[in-house]
Amino acid sequence: MSNVTLFDVANGLATLLLTGLGSILPQPLHGWLINPNLIFALAATLFGAILLGASMINTIMLIWFERKMLGRFMDRRGAMHVGYAGLLQNFADGLKLFRKHTLRPREADSLGFYAGPTAYMVTSVLIFGILPISTGWSSGVLPLSLLLALAIFSFAPLFIFISAWSSNNKYSLLGGMRSAAQMIAYEVPILLAVVAVILVSGSFDLTTIVNLQQNYWFWGPLFLALLVFVVGMLAEMERIPFDLPEAEAELVEGWNTEYGGMLFAFFMLADYVRALVGSILVVLLFLGGWTLPSYVPSALTSFPLAGIFWFMLKTYIVFGVFVWIRASLPRVRTDQLLKVGWMRMIPLSLLSVVLAAMLVLVRCLPVFGCVPGLGG
Amino acid sequence: MWVNMGPQHPMTHGLWNLRVKIDGELIVDVDPEVGYLHRGIEKISEDRHYNEIITLMDRCCYVAGIAWEHVYIGAAENALHITAPERAQWLRVMCDELQRLASHIMWYAAFVQDLGLMSPFLYGMRDRDLILDLFQSFTGGRLTYEYNRVGGVRNDVPSGFTDRCRKVMDWLMDRFVEYDRLCLGSEIFRRRCDGLGVLKAKECVDLGVTGPMLRSAGVARDLRKDRPYAVYDRVEFDVAKADAADVTARYLVRMEEMRQSVRIVRQTLDWLDHHPGPVLADHLPRWLGAPYAPMGNEGYLLKRNFPRGTGFAAVEEPHGEAQAYVVNTGGEHPYRTKFRSPVFVNLSAAKHYMIGYRVADIPPIMGSVDICVGEVDR
Amino acid sequence: MATDDLATQLAPRAGANILAVEPFQGLTARVRFRPEGALDVFRAVHDDLGYDHLSMVGAIDWVDHREVFYIVWSDVTKQYLGLSADLTGDAPHIESATPVWPSANWHEREAWELVGVAFDHHPDMRHLLMPDDYAFHPLLRSFKLHEPEELEVKSRSV
């Protein structure tokens, strides 16, 4: 695996830029520019920009991936005219939305109407700064990165409800209420499923969790937790079969009915960012992140950026499963959703915690082998 | 809180407005508001020739144009005392059943789309296209056919049509299995549709509800069986029926009807293969403007010689019982036409099968009614 | 004769209101009745004859009078029966059929707004297809097409 981290790249770029700029400038500016604090600040900014750009491009690719895959599921071809196989279609769509006039209903509350989508977008993208993507490709060591990621992830219902309420539209309000109820109901099982992972790995740090999984992916022994987590994530991501906050059949577009142009693009992008984050979390927590088991030939894991390659591959496969679900399941009803959430998912997630605790006690299972690095 | 679901709303499948009073997610009251698509077909018919009204009938319901042509033609032929040749009758039956297939497939596509299931929508559109291709091959139209004529049909089917049609029917029979697997095989589908939008047989009869909705309530009433028109007494088929009176039952009835339609179409194709003949009656009055009618002296009847009369016809259209009432006072135009649209009546009963369910249930219930606004407003 | 049978069956409850039972193209028969005794006739047809399903209510403007016709269906005999009444006078009206056949509701609303026949004791008489403030009855013979200046429709208030 590569030893160069993303931050090293950003740091190098910043140093190069500032020292280069500083060398041609007279003394007072020169001394100020090569100040290590400034270099660090620029490096952090560049790091953020690279991360943001990469995540945005990935998100847009994710939309393309979903469109193509849905197209195949539905016996059609998906986007295919802009760029090779429609690769640039979503950029064109984004550009179109960007150029559109953003309309605000006269009776809508201005502050909430604009702040809601913006905050939703910002909090969704923020998680990318926390998630490790490969060894060294994260913002640094955060001992509680898992908790922080989930905490930011669960901000969303607040902002959705703010934008829904301030839209001053009945459909938006209904959608916002559904969304809030649904996200709160599924927050709990998700966290409990994560507790199972934490119990087994003994760490809140995503990097540690992934490194532990090199030869012991958690999806097998913690299958129940994975199931609960995936279903909960589907609900959190508001994808079919849990997309009832924006059930277009009855609520037009749910909480984003009144939004158009760039504000709608914010919602749409943020939804896919969340979908990406959801898939990434599944990969990180249960599928071994960027690692491959050690019996895999080293040629497969030693080429440049191998970690990122395997990580993205796993992420897209997980997302493909989400698309598959979308193509083949109808939408559930609000009361059924909440009933399943409170009365099935929570007991199941509690059960998964108990199973994880037993796994920690037993340590070794017949098929899956022993839990590595416990108690360390 | 009153919510206007319409006139532009994804649930409506057309241009109408369902006013819903909701309490949280619960439906307390509903008030369907129609008329947004009112084109005044009955008024326009007052100064149209008999054959020109067929054009209007295609626009009456945009998914069942040819069935509506049959409705009107039946009444007009009664009113004008004209009988269509046998082959034309068989062709009409074939068209009706093909149209029923197209309409039900369209219904299936829209209905599951309302439930949030995306793929079957495109499967449905794909399969419906095959039927539209068939229609196009002998009527020239894909949506508005103008195929029936007073006294027969406009033209015969082209050679090779029957084989082509048989292939499509075989394909469709396979697809129906797929459709069922996607819907009935899905636990979520069953949970959403079972026990939803119940309208019992007694209420159905009181409220005048007909078609698949009535048959889903356990009343095996089908005009094709009970009061055979055209040549329905010479084809074999079963009346689809279910007992639960809910959305799933309506789904089952429509799926079974599609299978029976395929059965009927196959029989008509066999008959058409072996019985060539004229498809338009001789001796039609020239003022009917029927193309291909013999224009010689013997075919020309003065209109004062033409008897007056009032005609009534009822046809089992894909959505239910459609009726036409045509008053002929001896002129070139009908004095009055009146059409009974099954969806109009099924929709008027909305209060009885919607109150007490949830907002999320509105699309499946309305989908199971199979609204076609064109024929509600006429 | 089917028509004679019908007449005798209807006689006990609605005999006085029946004007004629005549054969009709496409229907079993058509019963012409006096509009004053409409409800009796409806009840007799519904209860005694078993025509429990009302298919259609329509009205025709014959210039000197207006006609209301009903098409009913019986699940027992599997037949359609027509009912028809001639309404005279400037303000033609007839008793609503909704107490007997609830399905008459929308049909009567439509017949009223298009042909201008009033239905007494109708539970919900509002405009159906036309805008709420529409002042014409379009299916009257006096209502000519191609006169757009007379058809100025005010905006619908929602």
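Two residues are taken to be in contact if their C-beta atoms, placed from the backbone, lie within 7 Å. On this basis, the contacts between chains were examined in the structure, which is a predicted model. Of the two pairs of chains that touch, chains A and B have the most contacts between them. Chain B contributes 26 residues to this contact and chain A contributes 25 residues. On the side of chain B that touches chain A, the elements giving two or more residues are helix H4 (86–114), helix H5 (119–139), helix H7 (187–193) and helix H14 (362–369) of chain B. By residue class, this side of chain B comprises 16 nonpolar, four polar and six charged residues.

A further contact is formed between chains C and B, in which 24 residues of chain C meet 33 residues of chain B. On the side of chain C that touches chain B, two or more residues each come from strand S3 (53–61) and helix H3 (104–115) of chain C. The most is given by S3(C), with six residues. The residues of this side of chain C divide into 14 nonpolar, seven polar and three charged. Chains A and C, by contrast, do not touch, and their nearest C-alpha atoms are 16 Å apart.

Confidence in chain B was considered next. The average pLDDT of chain B is 83, and 93% of the residues score at least 70. Over residues 290–304 of chain B, however, pLDDT stays under 50. For this stretch the model has 24 contacts beyond four places in sequence. Where pLDDT is low, the predicted coordinates should not be read in detail.

Within chain B, three strands form an open antiparallel sheet in the order S1-S2-S3. S1(B) is joined by four bridges to strand S2 (residues 17–23) of chain B, and the two run antiparallel. In this pairing, B:Val3 is placed opposite B:Val20 in S2(B).

The helices of chain B were then examined. Two packed helices are described by the angle between their axes and the distance between the axes. For helix H11 (residues 247–274) of chain B and H14(B), the axes come within 9 Å and cross at roughly 35 degrees. The crossing of H11(B) past H14(B) is left-handed. B:Val247, B:Arg250 and B:Tyr251 of H11(B) meet B:Pro364, B:Ile365 and B:Ser368 of H14(B). The residues of this contact comprise four nonpolar, one polar and one charged. H14(B) is also among the elements giving two or more residues to the side of chain B that touches chain A.

Helix H2 (residues 53–60) of chain B is mostly covered, with six of its eight residues buried. The buried residues are B:Ile53, B:Ile54, B:Leu56, B:Met57, B:Asp58 and B:Cys60. Their cover includes helix H1 (41–44), helix H3 (65–80), strand S4 (148–149), strand S8 (336–340) and helix H15 (373–377) of chain B.

In chain C, strand S2 (residues 27–33) has six of its seven residues buried, and it is therefore largely enclosed by the rest of the structure. S2(C) pairs with strand S1 (residues 18–24) of chain C through five bridges, the two running antiparallel. Within this pairing, C:Ala20 stands opposite C:Arg32 in S2(C). S1(C) and S2(C) form a hairpin with two residues between them, and C:Gly26 in the turn has a positive phi of about 95 degrees. S2(C) is also joined by three bridges to strand S5 (residues 79–87) of chain C, and these two strands run parallel. C:Arg30 has C:Gly82 as its bridge partner in S5(C).

In chain A, A:Glu253 is located in the loop between helix H11 (248–251) and helix H12 (261–286) of chain A. A residue counts as buried if 20 or more other C-beta atoms lie within 10 Å of its own, and as exposed if 12 or fewer do. A:Glu253 has 19 C-beta neighbours inside 10 Å and therefore counts as partly exposed. The C-alpha atoms of A:Glu253 and A:Gln336 are separated by 20 Å, the two residues being 83 residues apart along the chain.

Technical notes: Residues are numbered from 1 along each chain as its sequence is written. Chains are lettered from A and ligands numbered from 1 in the order in which they are written. This is a predicted model: local features need pLDDT of at least 70, side-chain atom pairs count only at pLDDT 80 or more; totals for chains, interfaces and linings use all residues. Ala, Val, Leu, Ile, Met, Phe, Trp, Tyr, Cys and Pro count as nonpolar, Asp, Glu, Lys and Arg as charged, and the others, Gly among them, as polar. Two strands pair if DSSP finds at least two bridges between them. Axes are lines fitted to C-alpha atoms, for helices over the stretch in contact, and angles run from 0 to 180 degrees between N-to-C directions. A crossing is left-handed if the near helix is turned anticlockwise from the far one by less than a right angle, and right-handed if clockwise. pLDDT is the predictor's confidence in each residue, from 0 to 100.
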